[in-house]
Amino acid sequence: MKTKHFCAIGLLFFLASYLLFSNILPSFNTSIDFAHWFNLIGACFLLSFNDAFSKTKTNKVASILTTLGVIAHIGLCTIDFIMSSYGNNEMAKEALSQQISNSPLIFYPFVVVGPSLLFLGLALHAFAFIKTETVKSLMVIVGSVAVGFSFFVLKNGVCMFLSCAIFVLGLGLLLYVPRPLPKF
């Protein structure tokens, strides 16, 4: 498999996770947390974007941010797996949420700031193409900001999914722009 295939797989898993997070589809009521599994798998595959684009100074910074964001997604998904293991025990879930909120060394890197670094890193990768692929780059940049805005401010799953779809589409289109890319 080539790097762009790993990137495409990551994009599909990531988008599928946001579809499940949005609650557009009816709940499956299974013991498996598919949304977080897809998010975890997708984020890990999105690490491939660090190899997909040429190595400029901007892309090196983007690679660091993307890597930190993937690490944070792994931590966040782990927290959410633990949370879902409580099942219907809302008191235990609330106690865990309170403990995480009161622990800045967990709360900020794995819940608030860290996962956003994945979006920031990938948006920075896309920004490198702003002059040649303006629309596609803007799709990634605007989509990444819109995901955060719809999650933190609007608290709207449908807007979050649509924002993620724009983000994913922009990255996918940037992958398949005819140009010499390493490891393709």
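Analyst: The largest nonpolar core has 26 residues, and F14, Y18 and F49 touch the most other members. A nonpolar core here is a set of buried Ala, Val, Leu, Ile, Met, Phe, Trp, Tyr and Cys residues joined through side-chain atoms within 4.5 Å. Buried means under 20% relative accessible area, exposed means over 50%, and partly exposed lies in between, with a 1.4 Å probe and protein chains only. At least two residues of this core come from each of α1 (3–21), α2 (34–46), α3 (49–52), α7 (114–127), α8 (134–154) and α9 (157–175). The largest share, eight residues, is supplied by α9. Helices (H or I, at least four residues) and strands (E, at least two) are DSSP runs, numbered from the N terminus.

The model is predicted: local features need pLDDT of at least 70, side-chain atom pairs count only at pLDDT 80 or more, and totals for chains, interfaces and linings use all residues. Residues are numbered from 1 along each chain as its sequence is written, and side-chain values use heavy atoms, with hydrogens and water left out.

With neighbours within four places in sequence set aside, F14 is in contact (heavy atoms within 4.5 Å) with F38, N39, G42, A43, L46, H73, L118, F119 and C164. One of these partners, C164, is buried at a relative accessible area of 0%.

The cysteines can be taken next. A disulfide is a pair of cysteine sulfur atoms within 2.5 Å, and by this rule the count is zero. For C164, the nearest cysteine sulfur is that of C77, 13 Å away. C44 counts as partly exposed because its relative accessibility is 34%.

Another buried position is A72, at 3% relative accessibility, in helix α4 (residues 57–85). Beyond its neighbours within four places in sequence, A72 is in contact with P109, F110, G114 and P115. A72 and P115 are 43 residues apart along the chain, yet their C-alpha atoms are separated by 5.1 Å.

Charged pairs are next. A salt bridge is a side-chain nitrogen of Lys or Arg within 4 Å of a carboxyl oxygen of Asp or Glu, and a search of the whole structure finds two. In one, the closest N and O atoms of E90 and K93 are 3.8 Å apart. E90 and K93 both lie in helix α5 (residues 90–101), three residues apart, about one turn of the helix. The other joins the side chains of E133 and K136, at 3.1 Å from N to O. E133 counts as buried at 19% relative accessibility, whereas K136 counts as partly exposed at 23%.

For the chain as a whole, there are nine helices and zero strands. The radius of gyration, taken over C-alpha atoms, is 17 Å, close to the 16 Å that the globule rule (2.2 Å times the number of residues to the power 0.38) gives for 184 residues, so the chain is as compact as a globular protein of that length. Along its principal axes the C-alpha trace spans about 55 × 35 × 35 Å. Buried residues make up 39% of the 184 residues. Among contacts with a separation of 6 or more, 72% are between residues 24 or more positions apart.
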